[in-house]
Structure formats: C-alpha cells, structure tokens
Amino acid sequence: ALQLTLAVIKPDGVAHPLMLEALHQKILDNSFAIVRCKDLVWRRQDSEKFYIEHAGRFFYQRLVEFMSSGPMRAYVLAREDAVSHWRELMGPTKVFQARHTSPATIRAQYGLTDTRNTTHGSDSSESARREILYFFPEFGMEEWMEKE
Ligand code: CMP
C-alpha cells in the first residue's frame, strides 16, 4: 500500500556535498516521491527528545551530540511500502555489520561508525507518523493521505 516514511540524512551525510547528492539521487532512483524536504539543525534538546527511547544506552550521549553537531536533511517520502524499502536501502544500523552482510547499502557504502551511520528511517508506519510530526509539525499527514 502507499505509505509515507521519514528519511533523514544525518550530519555526516550532509557534510560531504557529493554524498548528499548521491543520497538524494538514490531516493529519486528508487521511485520515492519527495513530499517534503528540509534542511535543519537540531539543538541538543531536540536530539535528546527524538532519541529518548535510547536514553541510558552507552551510545546515547554520543548520538545526541552527533545529531546536533550540524545540518541535517529530512524528507517525507511516499511510495509503495516506503518504510521497508527505505530501510532496505539503508541496510543494518551497524556500519561494520552492513559492510559485511549488505555491501551495496547506504550505511555500508557511506557510514563511518555505528553512530555516524549517514541516514535514519522510520521503523514502522506508527513511527513514521510520530517522526514526520516531529520534523514537519506543519505537515497535514491525514489530509495528504486522503487526497491520494
Ligand atoms: P538510527 O536509525 O537513527 O536510530 C538510533 C541510532 O542510534 C542509530 O541510527 C545509530 O546512529 C545509533 N546507534 C544505534 N546502535 C548503536 C550502537 N551500538 N553504537 C553506536 N550508535 C548506535
């Protein structure tokens, strides 16, 4: 079914212009419609709040710091099974595992470490709803779905 997902190019992916360009092209090449796109910078508290479910994990502080370290690009993407397709393109969270098991994925090709792993994608349509609202509070998701 037609689905929306939230995709984010993290600060490591935005910092390198060629990487940003390649990732944007990958979105287009994979038949996603770009419904919304914006560049933004998080304050530390935006980062803490978004990743609150990871509070207390050993990587939480470095994750929070990294995600508020510079500009990001966020997308609302639409296509058939958008959530799982974007996650397939990203590959496993852990970059070294990604390189081993799925070398053609974004994280395998561009990721630097398990924290600096280039992209984020919602893990379910419920997360997508919540995360789209977090990044694009002005976006009328219900209305958009009805229009299609
Ligand atoms: P993301 O898909 O944005 O969701 C949570 C983030 O936490 C993840 O990508 C990584 O950036 C980070 N993360 C998850 N697991 C680890 C880990 N084991 N070590 C370091 N960072 C991690």
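How many helices and strands are there in the protein? There are nine helices and four strands, where helices (H or I, at least four residues) and strands (E, at least two) are DSSP runs numbered from the N terminus. This is a predicted model: local features need pLDDT of at least 70, side-chain atom pairs count only at pLDDT 80 or more, and totals for chains, interfaces and linings use all residues. Residues are numbered from 1 along each chain as its sequence is written.

**Figure 1. The whole protein, from end to end.** Starting at the N terminus, the elements go β-α-α-β-α-α-β-α-α-α-β-α-α. Along the principal axes, the C-alpha atoms fill a box of roughly 40 × 35 × 25 Å. A compact globule of 148 residues would have a radius of gyration near 15 Å, and the protein agrees, with 15 Å; the radius is taken over C-alpha atoms, and the globule rule is 2.2 Å times the number of residues to the power 0.38.

**Figure 2. The nonpolar core.** The largest nonpolar core has 21 residues, and Leu6, Leu77 and Trp86 have the most contacts inside it. Strand 1 (2–9), strand 3 (72–80), helix 5 (82–90), helix 7 (106–110) and helix 8 (125–135) each give two or more residues to this core. A core here is a set of buried Ala, Val, Leu, Ile, Met, Phe, Trp, Tyr and Cys residues joined through C-beta atoms within 7 Å. Buried means 20 or more other C-beta atoms within 10 Å of a residue's own, exposed means 12 or fewer, and partly exposed is in between, with C-beta atoms placed from the backbone.

Figure 3. Leaving aside residues up to four places away in sequence, Leu6 touches Ala74, Val76, Ser122, Ala128, Glu131, Ile132 and Phe135; a contact means C-beta atoms, placed from the backbone, within 7 Å. Val35 is partly exposed because it has 17 other C-beta atoms within 10 Å.

**Figure 4. The shell around the ligand.** His54, Phe59, Leu63, Thr93, Asp114, Thr115, Asn117 and His120 are the residues around the ligand, each with its C-beta atom, placed from the backbone, within 6 Å of it. This shell divides into two nonpolar, five polar and one charged. Ala, Val, Leu, Ile, Met, Phe, Trp, Tyr, Cys and Pro count as nonpolar, Asp, Glu, Lys and Arg as charged, and the others, Gly among them, as polar.

Definitions and conventions. Contact = placed C-beta atoms within 7 Å.
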